[in-house]
Amino acid sequence: MPKTKTTSEEPLEKQLWKAADKLRKNIDAAEYKHIVLGLIFLKYISDAFVELYEKLEAGEGEYAGADPEDKDEYKAENVFFVPPSARWKFLRSHAKQPTIGKTVDDAMDVIERENNSLKGVLPKVYARQNLDPTSLGELIDLISNIALGDAQSRSADLLGHVFEYFLGEFALAEGKKGGQFYTPRSVVELLVEMLEPYKGRVFDPCCGSGGMFVQSEKFVTEHQGKINDISIYGQESNQTTWRLCKMNLAIRGIDSSQVKWNNEGSFLNNAHKDLKADYIIANPPFNVSDWSGDLLRTDGRWTHGVPPTGNANYAWIQHFLYHLAPNGQAGFVLAKGALTSKSGGEGDIRKELIEADLIDCIVNLPAKLFLNTQIPASLWFMSRNRSNGKFRNRKGEILFIDARNMGHLINRRTRVLSNGEEDPEDNDIKVISDTYHNWRYPDGDYEDVKGYCASVPKARVAELDYVLTPGRYVGLPDEEDDFDFAERFAKLKAEFEAQLKEEAELNERIAANLQKVKIDE
């Protein structure tokens, strides 16, 4: 990850975020997100275009006799063609004009016309009345400072990182709504590190802004693999989120042609009906009640039991299984209630999945990881073939990992799992993923750790009525034998009082902002 520093020793992306957020003024974060991310994307494709343009113009070596205005030259090198009126230099030269909003909207239009894969993707929100032209001009000047230097790879990496960072910050700013398009980075990293998607077809049927795909590609490159060995398939029902996904992938140079949108969603309108994926990585919405289950009672995907109409959790599980190749693996997030629920036949479906030897590992996650819900969550890892040659034969056993006490708070409401970036000794993601790898690889050095992990025979799970809660199997850590109640009570009381104080401050800020809006009106 780039850590470009300035004299203040603060990473570039954090400085940019603070400056961009200051320019937001009274615009809602959900709307402002498209304004800023659209400009970052425009800067990226313009940088990439200009670098190739200069090579074509110089006409040396393989570019001898090339025409820098020939669209086919750019198509041949997977670079978007940017017409003169949409190039960043042109936009920056017009940034101080009162008509800059229309100029940017026109630029987005002409880029879509010239590049079919971007049709219907780019935001045209810059001429709206609530966006002050002066602030937009300042935003263009600000984004002009990203990716100093002209190497496309460096530019794409830094711009891609800024785009990803801004996605996360906007999700935090939006709170509950923001979580619908964004899976927290540490959760994505953990899923990808555990699954190790080196090669094959990667599928996410509820792909949000595309974080799973970006992290999969990053994983491959960091482990000296070949990006071209992975192909991406996705589906998203929210069109504005799908647009973000397409931009997020394009800024990383990832082919998004198989990332589809339809507003009916994966259950009613399965965009990849015939796909059998090598890896499925997903964070489906938790406990969805209006998933049209009543229209799908006889659907062919329900091979382990018909899911209840009032909750989509077990429909998602079987949708994933339906799309898994014979040696395919899936890693996904689910509400913790799915580990124990018996309503609507869910307990019977879970029993079928366990008896069919499809469940490989369950990870109990800490609270407060997700922005859009306080519902406790878990990770499920499933495999169609648990006796294949790549890993040891794990048939008849399930690994349980209880990671409830891992991670650290970045504010009162949000927790993250550490990844070793700030301190190599502090790496929750490595600890959890290493536990899984040591358990499933033939030469792994695995052993049960009381209170943390346990490899459990299927018969034991059956004895406990097919409940999959890790805490039931890993037991209590030894140090809890001398549990200090008074100390624990004092700690919980302090946390509760701090949260009450923060909520009071938040209510004061909301009241002040409402008053400001009234005055402005």
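At 32% relative accessibility, D132 is classed as partly exposed; buried means under 20% relative accessible area, exposed over 50%, and partly exposed in between (1.4 Å probe, protein chains only). The model is predicted, so that local features need pLDDT of at least 70 and side-chain atom pairs count only at pLDDT 80 or more, while totals for chains, interfaces and linings use all residues. Residues are numbered from 1 along each chain as its sequence is written, and side-chain values use heavy atoms, with hydrogens and water left out.

**Exercise 1.** Determine which residue forms a salt bridge with D132, and where the two partners lie.

*Solution.* 
1. A salt bridge is a side-chain nitrogen of Lys or Arg within 4 Å of a carboxyl oxygen of Asp or Glu.
2. The partner of D132 is K25, with the closest N and O atoms 3.8 Å apart.
3. K25 lies in the loop between α1 (12-24) and α2, and D132 in the loop between α5 (100-114) and α6 (133-143); the pair, 107 residues apart, links distant parts of the chain. Helices (H or I, at least four residues) and strands (E, at least two) are DSSP runs, numbered from the N terminus.
4. K25 is exposed, its relative accessible area being 56%.

**Exercise 2.** Describe the salt bridge between K430 and D434, and that between D402 and R404.

*Solution.* 
1. For K430 and D434, the N to O distance is 2.6 Å.
2. K430 and D434 belong to helix α14 (residues 428-440) and are four residues apart, about one turn of the helix.
3. K430, at 45%, is partly exposed, as is D434, at 28%.
4. The side chains of D402 and R404 meet at 2.7 Å, N to O. D402 is buried at 7% relative accessible area, whereas R404 is partly exposed at 43%.

**Exercise 3.** State the order of the strands in the open sheet and identify its edges.

*Solution.* 
1. Two strands pair if DSSP finds at least two bridges between them.
2. Nine strands give the order β3-β2-β1-β4-β5-β7-β6-β8-β11, with mixed pairing.
3. β3 (259-261) and β11 (453-457) stand at the edges; each has a single partner strand, so one side of each lacks a neighbour in the sheet.
4. Within the sheet, β1 and strand β2 (residues 230-236) run parallel and are joined by five bridges. R201 stands opposite S231 in β2.

**Exercise 4.** Where do E196 and D357 lie, and are they buried or exposed?

*Solution.* 
1. E196 is in the loop between α8 (185-195) and β1 (200-204). Although not a glycine, E196 has a positive phi of about 55°.
2. With a relative accessible area of 9%, E196 is buried.
3. D357 is in the loop between α13 (346-355) and β6 (359-364). Its phi is also positive, near 60°, in a residue other than glycine.
4. D357 is buried, with a relative accessible area of 11%.
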